Amino acid sequence: MGNTKSSAMSKEILEDLKLNTKFSETELCQWYDNFQKQCPSGRISPREFEKIYERFFPDSDAKTYAKHVFRSFDTNDDGTLDFKEYIIALHLTSSGKMALKLEWAFSLFDVDKNGYITKSEVTEICQAIFKLIPKEEQAQLPEDENTPEKRANKLWGYFNKADNDKLAEGEFIKGVTENEDALRLIQYDPVKK
């Protein structure tokens, strides 16, 4: 364990990340080195995070979605992502565990962080997701989801809630796992070319 690369990262953070993510010590050390090179301050700002998303979605307007994703990952609400928050985010979004992804998706949709989702929050996130979808793909969407509002209405309908109701995390996860269409509506997967 005398890995000199891991000494740059505190042992507590390294052990915590090894326990709570699927990444090995070697992978974590490599991620840490890259993180330090890209973010010498040790923190990612919202603007830097937006730039990362812009590279992933070059044909889209990723700024709004990136802002919401950033908010959901900034667990200590300090306006930046440190290495630990960044790795946890990477793990949550790349993990094969659907339950973890849905817990994260709930936090993404819970815009005001009050522990519930409202229809207006669903609409706000659907608007951000819609901006990721290139115009030519938008034109090919089904009639009942070809605008952000229609997509939000369709998604909200899967939860059997009135427009002014609130949705708890367990209800959200149950509603999405019981309906493949709902799962598709809470995300955007770019069409592979």
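Student: At what angle do helix α2 and helix α5 pack?
Tutor: In this predicted model, helix α2 (residues 25-38) and helix α5 (residues 83-94) pack at an angle of about 125°. Their axes are 11 Å apart.
Student: Why are α2 and α5 classed as oblique to each other?
Tutor: Angles over 145 degrees count as roughly antiparallel and those from 65 to 115 as roughly perpendicular. The angle here is about 125°, and α2 and α5 are therefore oblique to each other.
Student: Is the crossing of α2 and α5 left-handed or right-handed?
Tutor: The crossing is right-handed.
Student: Which residues meet there?
Tutor: From α2, Leu-28, Trp-31, Tyr-32 and Phe-35 meet Phe-83, Tyr-86, Ile-87 and Leu-90 of α5. By class, this contact has eight nonpolar residues, with no polar and no charged ones.
Student: Next, α7 and α9. What is the angle between them, and how far apart are the axes?
Tutor: Helix α7 (residues 119-132) packs with helix α9 (residues 148-157) at about 130°, and the axes are 8 Å apart. That angle makes α7 oblique to α9. In passing α9, α7 makes a right-handed crossing.
Student: Which residues make the contact?
Tutor: On the α7 side they are Lys-119, Val-122, Thr-123, Cys-126, Gln-127, Ile-129 and Phe-130. On the α9 side they are Pro-148, Glu-149, Arg-151, Ala-152, Asn-153, Leu-155 and Trp-156.
Student: How do the residues of that contact divide by class?
Tutor: Eight are nonpolar, three are polar and three are charged.
Student: Turning to annotation, what does UniProt list for the EF-hand domain?
Tutor: An unreviewed UniProt entry lists residues 61-96 and 97-132 under "domain: EF-hand". Over residues 97-132, the chain is 72% helix and 8% strand, and the end C-alpha atoms lie 24 Å apart.
Student: How are Lys-18 and Glu-15 placed in helix α1?
Tutor: Within helix α1 (residues 11-20), Lys-18 and Glu-15 are three residues apart, so about one helical turn separates them.

Notes. Residues numbered from 1 in each chain as written. Predicted model: local features only at pLDDT ≥ 70, side-chain atom pairs only at ≥ 80, totals over all residues. Heavy atoms only, no water. UniProt positions renumbered as here; feature names shortened; annotations may be inferred. Helix = DSSP H or I, 4+ residues; strand = E, 2+ residues; numbered from the N terminus. Axes fitted to C-alpha atoms, helices over the stretch in contact; angles between N-to-C directions. Parallel < 35°, antiparallel > 145°, perpendicular 65-115°, else oblique. Left-handed = near helix turned anticlockwise from the far one by under 90°. Contact = heavy atoms within 4.5 Å. Nonpolar A, V, L, I, M, F, W, Y, C, P; charged D, E, K, R; others polar.
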